[in-house]
Amino acid sequence: MLMISRQQQILEILRRERSASVPYLARVLFASEPTIRRDLAALEAQGYLKRVYGGAILGGAPDREIPYDVRAGEQGDAKAIMARRAASYLHKGDVIFLDGSSSAAHMVDAIAAVDDVLVVTSGAKTAIALAERGVRVISTGGQMITRSFSYVGSHAEACVRGIRADVVFFSCRGLSEAGEMTDISIEEINLRRVMLERSRTRILLCDSSKFGKQYLYSLGYKSDLDAVISELDLQQN
């Protein structure tokens with residue numbers, strides 16, 4: 001098992017159970033206890049947990065930003081399905097906004113298959129992936145959130161505000177039962193608001209693991225969108 005995938009699973013276990021012993025983690029993840037201890041030390045250094053005698057407990061802020069490489073590995077199959085479904089909203093010559101989410105990053109291959117598009121993205125890694133596939137891309141620039149490799153702030157917002165897009169693909173951390181979109185980063189929320197204001201078609205990419213969850217900052221309600229795409233149904237309205 002890859003280190004990133006294993007550490008991701010450790011965090012998922014701790015979020016679910018709040019604590020876990022080293023022997024238990026080693027057993028369920030099919031890893032040695034020294035390997036698990038190294039993983040716990042690395043995750044503690046990043047502020048995600050606190051090591052205690054014989055194991056670890058969930059530590060730090062409960063809504064702490066998850067590193068991009070960990071997020072990219074979460075719900076990978078679901079995000080691939082969403083990207084294929086979202087491709088139906090792409091057209092030749094489109095101007096496309098992508099936020100810095102790993103869900104939006106999964107749109108790269110679908111976008112690269114469409115002629116003459118221009119993508120404006122706040123995701124640094126997404127911009128590179130698009131350029132490598134020969135897609136015209138504008139990076140918003142701005143202040144980078146180092147854990148997510150996303151640009152935010154007034155510079156990024158000014159870049160987006162000066163462009164009119166045909167479609168925006170974006171994500172959020174949670175979609176409540178009432179249809180409210182929420183996240184933990186006010187900076188990313190603010191940039192997404194500008195993307196939504198400057199887009200003709202608004203598409204939320206939201207895998208089912210986010211359903212029924214609610215976080216600190218609100219982005220609005222799904223009723224204001226053109227579509228909500230998950231891996232379960234083509235469209236959740």
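These are legends for a handful of close-up views of one predicted model.

A few ground rules first. This is a predicted model in which local features need pLDDT of at least 70 and side-chain atom pairs count only at pLDDT 80 or more, while totals for chains, interfaces and linings use all residues. Residues are numbered from 1 along each chain as its sequence is written, and side-chain values use heavy atoms, with hydrogens and water left out.

**View 1. The protein chain as a whole.**
The chain's secondary structure comes to ten helices and 14 strands. Here helices (H or I, at least four residues) and strands (E, at least two) are DSSP runs, numbered from the N terminus. Of its 237 residues, 50% count as buried; buried is under 20% relative accessible area, exposed is over 50%, and partly exposed is in between (1.4 Å probe, protein chains only). Take the contacts between residues at least 6 apart in sequence, and 61% of them join residues at least 24 apart. A contact is heavy atoms within 4.5 Å.

The model holds one cavity of 30 Å³ or more, with about 40 Å³ of space in the largest cavity. On a 1 Å grid over the protein atoms alone, a cavity is a set of points where a 1.4 Å probe fits but cannot get out, and lining residues have an atom within 4 Å of a point. Grid points are joined across faces, edges and corners, and the volume is the space filled by probe spheres set on the points. Asp99, Gly100, Ser122, Ser150, Tyr151, Val152, Glu188, Leu191, Arg192 and Met195 line the largest cavity. The elements giving two or more residues to that lining are β8 (150-152) and α10 (186-197), and α10 gives the most, with four residues. By type, the lining divides into four nonpolar, three polar and three charged residues.

**View 2. Ile189 in helix α10.**
Ile189 has its place in helix α10, and counts as buried at 0% relative accessibility. Leaving aside neighbours within four places in sequence, Ile189 is in contact with Asp183, Tyr217, Ser218 and Leu219. Ser171 is 18 residues from Ile189 in sequence and 10.0 Å away in space, C-alpha to C-alpha.

**View 3. Gly123, between β5 and α8.**
Gly123 is in the loop between β5 (118-121) and α8 (124-132). At 3% relative accessibility, Gly123 counts as buried. Skip residues up to four places away in sequence, and Gly123 touches Asp99, Gly100 and Phe149. Between the C-alpha atoms of Gly123 and Gly141, 18 residues apart along the chain, the separation is 9.0 Å.

**View 4. Ser139 and Thr140, strand and loop.**
Ser139 is in strand β6, while Thr140 is found in the loop between β6 (136-139) and β7 (143-145). Ser139 is partly exposed at 34% relative accessibility, whereas Thr140 is buried, with a relative accessible area of 2%. Not counting residues up to four places away in sequence, Ser139 touches Thr121, Ala127, Tyr151 and Cys159. On the same terms, Thr140 touches Val120, Thr121, Ser122, Tyr151, His155, Ala156, Cys159 and Val160. Ser139 and Ala156 are 17 residues apart in sequence, with 8.5 Å between their C-alpha atoms.

Phe149 lies in the loop between β7 and β8 and is partly exposed at 29% relative accessibility. Its phi is near 55°, a positive value in a residue other than glycine. Phe30, also not a glycine, has a positive phi of about 55°. Phe30 is found in the loop between α2 (22-28) and α3 (33-45), and is exposed, with a relative accessible area of 77%.

**View 5. Charges over rings.**
The charged end of Lys125 sits over the ring of Phe149, 4.5 Å from its centre. The charged end of Arg173 sits over the ring of Tyr215, 5.9 Å from its centre. The test is NZ of Lys or CZ of Arg within 6 Å of the ring centre and within 35 degrees of the ring normal.

Technical notes. On a 1 Å grid over the protein atoms alone, a cavity is a set of points where a 1.4 Å probe fits but cannot get out, and a pocket is an open set with protein on both sides within 12 Å along at least five of seven lines; lining residues have an atom within 4 Å of a point. Ala, Val, Leu, Ile, Met, Phe, Trp, Tyr, Cys and Pro count as nonpolar, Asp, Glu, Lys and Arg as charged, and the others, Gly among them, as polar.
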